[in-house]
Amino acid sequence: MGNKIFIIFSLAAVLAVSCGKEPSGDNGKVPVNSKVIMTEINGSEDFIELYNSGSEAESLEGFKIRRMRLKDGVADAQTIWEGMPSFKIAVGERLVLAYAEGKTDNLQYPRNLQNPLSSKKNMFLWLQDPAGNRLSEFRRGIESIGWGEVRMHKAEIEDIGLSYSLSGSEWKYALPSKGSENAEAVGTIDQTMLYVSINEIDLEGSKVELYNYGDKDADISGFELRWSRIRTDGTPDNQTIWTAPLNTVLSPGDFLTVSISTPSLSAYQSRNIHLRLRNPNAFDCTGEKIVWDDFKRGVEGSGWTKESLSATSGSYARVPDGTGNWYLQTATVGSRNGVSTATPVPDVKVD
């Protein structure tokens with residue numbers, strides 16, 4: 001355990017460099033008179049940390065954390081936490097609010113976030129007082145199609161998701177420091193977005209569909225589809241099953257069908273699966289190659305493609321195209337996915 005801690009903090013020192021683009025506008029600015037503010041946000045562990053920078057304890061009754069989202073195609077300010085009566089934060093206290101599935105009663109679980117976060121999408125959230133005044137806010141990316149809709153790469157280091165951490169008056173990447181003083185910044189938060197998604201997976205036909213749901217051309221030359229599996233000798237393997245040729249450009253609304261021969265995907269209709277779209281020529285501030293989108297059915301367990309799941313027929317498809325949850329449908333590779341009102345596919349992780 002001691003060696004692992006030493007390695008993590010040694011890496012933090014090495015990674016204390018700026019990467020990506022500087023946040024623009026008022027992202028992360030803390031008002032002078034603010035006493036209770038957000039100081040850390042983590043989409044991997046689903047928590048938000050509040051800090052009382054004032055000189056006296058303060059009641060949080062009526063305080064809210066709100067998040068912009070797209071609901072039924074319309075921008076919507078969603079409340080994901082509200083302070084209950086008699087709920088206070090002491091001077092200098094770092095109060096951790098965390099999402100736990102099934103804990104919806106704030107009176108019983110006053111520190112519970114009502115919805116999970118995502119470190120892989122554009123995001124805009126803020127803390128407000130009972131009068132609706134914004135005390136602090138966080139933005140990553142821009143509204144564009146809608147907050148919480150557009151993919152952004154997820155910064156990771158040794159399977160530890162980096163936090164968005166308040167450093168001075170700006171948000172930076174840092175190692176998680178839940179409930180304690182923020183760790184040293186390791187990089188500037190990247191603001192780049194990509195509008196190309198893994199949109200449909202036809203296992204039976206051994207095909208994967210990519211889709212540009214943005215309003216600009218997307219050059220994905222050199223991008224890879226990576227398949228996580230277990231070799232026949234039992235060792236893990238991340239196999240590149242397709243590389244986009246030079247000058248592979250998807251115009252807005254374009255579908256690109258990729259036929260996969262090795263491995264044949266038809267053999268995995270009853271297996272756990274992990275498929276990623278990544279850019280091997282671009283790196284995040286941890287030095288990792290940027291993964292833009294991934295599809296997971298099941299969990300790694302003893303190894304991807306190793307665990308048996310319920311057999312499926314048809315294809316996995318995002319509804320709506322580009323940004324939606326995963327559904328089972330008749331294959332429509334190369335064209336728009338069907339409009340489904342069914343329950344999203346069981347065992348599929350949408351982050």
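Predicted model: local features only at pLDDT ≥ 70, side-chain atom pairs only at ≥ 80, totals over all residues.

Student: What counts as a pocket or a cavity, and what is a volume here?

Tutor: On a 1 Å grid over the protein atoms alone, a pocket is an open set of points with protein on both sides within 12 Å along at least five of seven lines, while a cavity is a set where a 1.4 Å probe fits but cannot get out; lining residues have an atom within 4 Å of a point. Points are joined across faces, edges and corners, and the volume is the space filled by probe spheres set on them.

Student: Which residues line the second largest pocket?

Tutor: Among them are Met-193, Leu-194, Tyr-195, Val-196, Asn-212 and Asp-215. The lining divides into six nonpolar, two polar and three charged residues. Here Ala, Val, Leu, Ile, Met, Phe, Trp, Tyr, Cys and Pro count as nonpolar, Asp, Glu, Lys and Arg as charged, and the others, Gly among them, as polar.

Student: What is the bridge partner of Val-196 in β17?

Tutor: Asn-212. Strands β16 (residues 196-202) and β17 (residues 207-212) pair in the antiparallel sense over six bridges. A strand is a DSSP run of E, at least two residues, numbered from the N terminus, and two strands pair if DSSP finds at least two bridges between them.

Student: And how many residues sit between the strands of that hairpin?

Tutor: Four, and Ser-206 takes a positive phi near 55 degrees in this hairpin.

Student: Is β16 mostly covered or exposed?

Tutor: Mostly covered: seven of its seven residues are buried, meaning under 20% relative accessible area with a 1.4 Å probe, protein chains only. β16 also runs antiparallel to β25 (residues 315-319), with two bridges joining them. There, Glu-200 has Ala-317 as its bridge partner in β25.

Student: New topic. What's the strand order in the four-strand sheet?

Tutor: This open sheet goes β5-β4-β9-β10, with antiparallel pairing. Its edge strands are β5 (74-82) and β10 (134-140), each pairing on one side only. Six bridges join β9 (residues 123-128) to β10, and Gln-128 has Arg-134 as its partner in β10.

Student: How about the seven-strand sheet? What's its pairing?

Tutor: Mixed, in the order β8-β7-β2-β1-β13-β14-β15, and this sheet is open too. At the edges are β8 (112-113) and β15 (185-188). β7 and β8 pair in the parallel sense over two bridges, and Tyr-99 stands opposite Leu-113 in β8.

Student: Which residues touch the most other members in the largest nonpolar core?

Tutor: Ile-41, Ile-48, Leu-50, Leu-60 and Trp-81, out of 33 residues. The largest share, four residues, comes from β1. Such a core is a set of buried Ala, Val, Leu, Ile, Met, Phe, Trp, Tyr and Cys residues joined through side-chain atoms within 4.5 Å.

Student: How many cavities of 30 Å³ or more does a search of the whole structure find?

Tutor: One. The largest cavity has a volume of about 50 Å³, and its lining includes Ser-44, Arg-140, His-153 and Tyr-173.

Conventions:
Residues numbered from 1 in each chain as written. Heavy atoms only, no water. Buried < 20%, exposed > 50% of the residue type's maximum accessible area, 1.4 Å probe, protein only.
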